[in-house]
Amino acid sequence: MLNIIKSGFYTTVQDTGRFGYREKGVPVSGVMDSFSVSKINTLLENDENSAVLEITMTGPSLEFEQDTYIVLGGAEMSVTLNDINIENYKVYKVNGGDILTYGKLLKGFRAYLGIKDGFKTASVLGSRSLYKPITEGDSIKKMSSLPYTTCKQFNPKISELKVDSVLEKIKLEVFKGPEYKLLTDNQLAQLFYREFSVANENNRMAYQLNEVIEGNKISMLTSATLPGTIQLTPAGKLIILMKDGQTTGGYPRILQLSDMAMSILAQKRSGDHISFKLK
Amino acid sequence: MSSFKISVRQFGVHAILVEWPNRVEESILDEILQFIQYLKKNHLDEKEWEFVPAYNSLTLICKDTVLDFDYFKPKIKEWYAIKGKIEPATRYLWRLPVSYDLEFGLDLEEISGQLGLSVERLIELHSQSIYTVYGIGFLPGFMYLGGVPEALEVPRKPTPRPKVLKGSVGLAGKQTGIYPQDSPGGWNIIGKCPVPMFDVKKENPCFVKVGDKIQFYPISMAEYQLHKIEGEVGIYNLEKKVLDA
């Protein structure tokens, strides 16, 4: 078991997501920055769907009960394992009784903790990703504990990966969305020739942007939306749906983020700048 | 031969959007459901693909792979042209109990005034109509229902409520439906349904599917309480009837 001594601002268990229930209105969920998590699970030689902890803004304090191996990734935070500083994308052995403590956020917004073979929390509708009300809660609470399997011996093929700066980019690659062709020249100019900043309304469901563009007069029937879909409201607000985003919507879907752009955006917080580049 | 012209569009790298004419129409929904059935049987493995129908569109989402849209665009048009008449999955008419008690129907009196109908007549009209499920989305188990009689068309509330209780039955514009969980919402609340619309403990967490039909029937407060307990322990029995294709 991993005991949660302190939970942090918003710490959740996520895997690659809950597939097969979107026709019933269930968001796919899953890790926000899949680029970073895939590196973590590769280092641990885990199945790509192994559940990790997603740690937003401020991190938890954790106590390991059994021996295992861990890898940190995503946002850079100052993290200590029994008072010794440890870094992202390196395999570390932990022993029963060890304490992992997260400190200051240095770069990015969402950090990840991967563990050998993944966390073994309950799977609901085929996924361990927390999403209320499909699961009882949406984040982990102080004093709770998360199961994992003991691993005493692991010789990783690769023991560390380089930290690259791709997530610090501000330019997000986008595809044309289904309603792209209905945009006016004025709207296109506003979309592609300026920077936007992330609004305070940003979470696992959606990121809103502070700046507005010319609103839309397009009326459409409700249709499917995806993680990464950028909707334009009648008032000209841009809403970028994220992993817990609703599965259908009635606003024009003007752009669609690439998978890499989703990971980049997941590392942005209120006030950070982004811009769009058509792929 | 299929009678509608469809458009096929790329939607990111993992999804394809197929669209029918921009209308709310039963015959379009039938075509979409038949096409889903055809694709599942012949071309797209259900383990790898998700099929999301809504009104006049079908979104095909592929789990991991980056799709070769140049391959799929002509293929989907070709498959649609040759699919012929397919039996869609069995469709049901579900009869759902609703207590229209004023304790639950927070806006009943207000909109009865706006519509110029007595509360009794309003309930009668709402529960006599048969509604079609055109989509499920927004929240897990939230149905987009079509078929609201004109006499019941009433605007949304000017200010949404910060919290509408799970099970609340709402009415707004041409739409009616049930809030499957506590949620903010701007629809007029006219009653409450004790049957959970989404239950993760069930193998099929949401008994309704797109294409099914819904009819509400009024129940007393005592019946509401009974069904509510049944719903909580998961032993409710719903009235359903197979619909002819």
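I started with strand β2 (residues 15-19) of chain B: five of its five residues are buried, so the rest of the structure largely encloses it. I took buried to mean 20 or more other C-beta atoms within 10 Å of a residue's own, with C-beta atoms placed from the backbone. Strands here are DSSP runs of E, at least two residues, and helices are runs of H or I, at least four, numbered from the N terminus.

This is a predicted model: local features need pLDDT of at least 70, side-chain atom pairs count only at pLDDT 80 or more, and totals for chains, interfaces and linings use all residues. Residues are numbered from 1 along each chain as its sequence is written, and chains are lettered from A in the order in which they are written.

I checked both faces of β2(B). Ala15(B), Leu17(B) and Glu19(B) are buried on one side, Ile16(B) and Val18(B) on the other.

Next I looked up the neighbours. Strand β1 (residues 7-11) of chain B pairs antiparallel with β2(B) over five bridges; pairing needs at least two DSSP bridges. Arg9(B) stands opposite Leu17(B). The hairpin has three residues between the strands, and Gly12(B) takes a positive phi near 70°. Strand β4 (residues 57-62) of chain B also pairs antiparallel with β2(B), over five bridges. There, Leu58(B) is the bridge partner of Val18(B).

Then I turned to the domains. Chain B is divided into domain 1 (7-82) and domain 2 (92-242), with bounds from an automatic or database domain assignment. Their C-alpha centres lie 30 Å apart. Seven residues of domain 1 are in contact with seven of domain 2, contact meaning C-beta atoms, placed from the backbone, within 7 Å.

Notes: A residue is buried if 20 or more other C-beta atoms lie within 10 Å of its own, exposed if 12 or fewer, and partly exposed in between; C-beta atoms are placed from the backbone. Two residues are in contact if their C-beta atoms, placed from the backbone, lie within 7 Å.
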